[in-house]
Amino acid sequence: MTNNKIIIAIDGHSSTGKSTVARRLAKYLGYVYVDTGAMYRAVTLYGMRLGLIDKNHFDKEGLVAILKDINIRFEVNPKTSLAEVVLNDENVSREIRTLKVSSFVSPVATVHEVRAKLVEQQQQMGKNKGIVMDGRDIGTVVFPDARLKLFMTATAKDRAERRYKELLENGDQVTYEDVLKNVVNRDHIDSTRVDSPLRKAEGAIVIDNSNMTLEEQFAHILNLVQEVLECE
């Protein structure tokens with residue numbers, strides 16, 4: 001395999017397994033993995049902790065004002081070899097994955113100032129290439145010139161079932177109906193927001209994994225990557 005490194009941008013709907021495949025792909029290639037969704041979740045968690053975000057109100061101005069106090073980085077856990085999310089020196093990898101945080105992350109991601117701050121950080125992370133980044137606007141905004149762009153999707157039902165199972169395995173007390181409602185609501189907000197709406201980037205390859213196993217999906221995507229690398 002060539003030593004010429006590229007940027008791989010993976011966009012798509014919530015709960016399509018973007019992070020799982022991106023993380024595995026980065027490990028296989030020896031690339032850096034960045035889960036941009038985790039960055040937005042970390043901002044959301046910080047705002048929730050300060051009482052700026054709850055089911056009754058969303059203090060947008062307050063959130064923008066405290067962005068300067070937020071530091072997000074990724075650290076590799078030596079035991080699992082997985083990149084974990086650190087918010088102001090606190091590992092919040094598990095807490096940001098709760099349904100409660102999921103319920104507010106899409107509205108937070110519509111805030112222009114939040115997106116501008118995080119996009120700048122994400123672009124800096126990819127300056128040396130050799131990176132796999134997943135999110136909602138990687139191929140359209142963060143890295144529109146990425147050498148390989150993928151757009152992952154699946155039916156809302158399939159995505160909700162996967163997310164429900166994951167939350168139960170993590171010990172969260174949730175119902176399938178609430179998870180499905182969250183998936184559908186996030187799709188609507190992500191696709192209709194004014195700032196960097198979720199859409200398929202020009203030249204992106206669509207991966208519908210509704211009927212794919214994880215192994216089938218990984219093999220298919222790895223084949224696409226190898227085809228690109230052979231041309232470098």
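Predicted model: local features only at pLDDT ≥ 70, side-chain atom pairs only at ≥ 80, totals over all residues.

Colleague: How many aromatic pairs does the structure hold?

Modeller: The structure holds 2 aromatic pairs. One of them is formed by Tyr28 and Phe218.

Colleague: What makes Tyr28 and Phe218 an aromatic pair, and why is the pair called edge-to-face?

Modeller: Their ring centres are 6.2 Å apart, and rings pair if their centres lie within 6.5 Å. The planes stand at 75°, and an angle over 60 degrees counts as edge-to-face. The pair is therefore edge-to-face.

Colleague: Which parts of the chain does this pair tie together?

Modeller: Tyr28 belongs to helix H1 (residues 18–29) and Phe218 to helix H9 (residues 214–230), so the pair links parts that are 190 residues apart in sequence.

Colleague: Why is Phe218 called buried, and what is Tyr28 called?

Modeller: Phe218 has a relative accessible area of 8%, and buried means under 20%; Phe218 is therefore buried. Tyr28, at 48% relative accessibility, counts as partly exposed, because its value falls between the cut-offs of 20% and 50%.

Colleague: How do you know that Arg24 lies over the face of Phe218?

Modeller: Arg24 is at 4.0 Å from the ring centre of Phe218, and the distance cut-off is within 6 Å. The definition also asks for a position within 35 degrees of the ring normal. Arg24 is listed as lying over the face of Phe218.

Colleague: Why is the pair of Tyr164 and Tyr176 edge-to-face?

Modeller: The ring centres of Tyr164 and Tyr176 are 6.0 Å apart and the planes are at 75°, so this pair is edge-to-face. Tyr164 lies in helix H7 (residues 156–169) and Tyr176 in helix H8 (residues 176–192), so the pair ties together parts 12 residues apart in sequence. Tyr164 is partly exposed at 25% relative accessible area, and Tyr176 is partly exposed at 22%.

Colleague: What is the phi of Asn88, and what is that of Asp89?

Modeller: Most residues other than glycine have a negative phi. Asn88, however, has a positive phi near 45°, and Asp89 has a positive phi of about 75°. Asn88 is found in the loop between strand S4 (83–87) and strand S5 (90–91), and Asp89 is placed in the loop between S4 and S5.

Colleague: Why is Asp89 called exposed, and what is Asn88 called?

Modeller: Asp89 has a relative accessible area of 64%, and exposed means over 50%; Asp89 is therefore exposed. Asn88, at 30%, is partly exposed.

Definitions and conventions. Residues numbered from 1 in each chain as written. Heavy atoms only, no water. Helix = DSSP H or I, 4+ residues; strand = E, 2+ residues; numbered from the N terminus. Buried < 20%, exposed > 50% of the residue type's maximum accessible area, 1.4 Å probe, protein only. Phe/Tyr/Trp six-rings, centres within 6.5 Å; stacked < 30°, edge-to-face > 60°.
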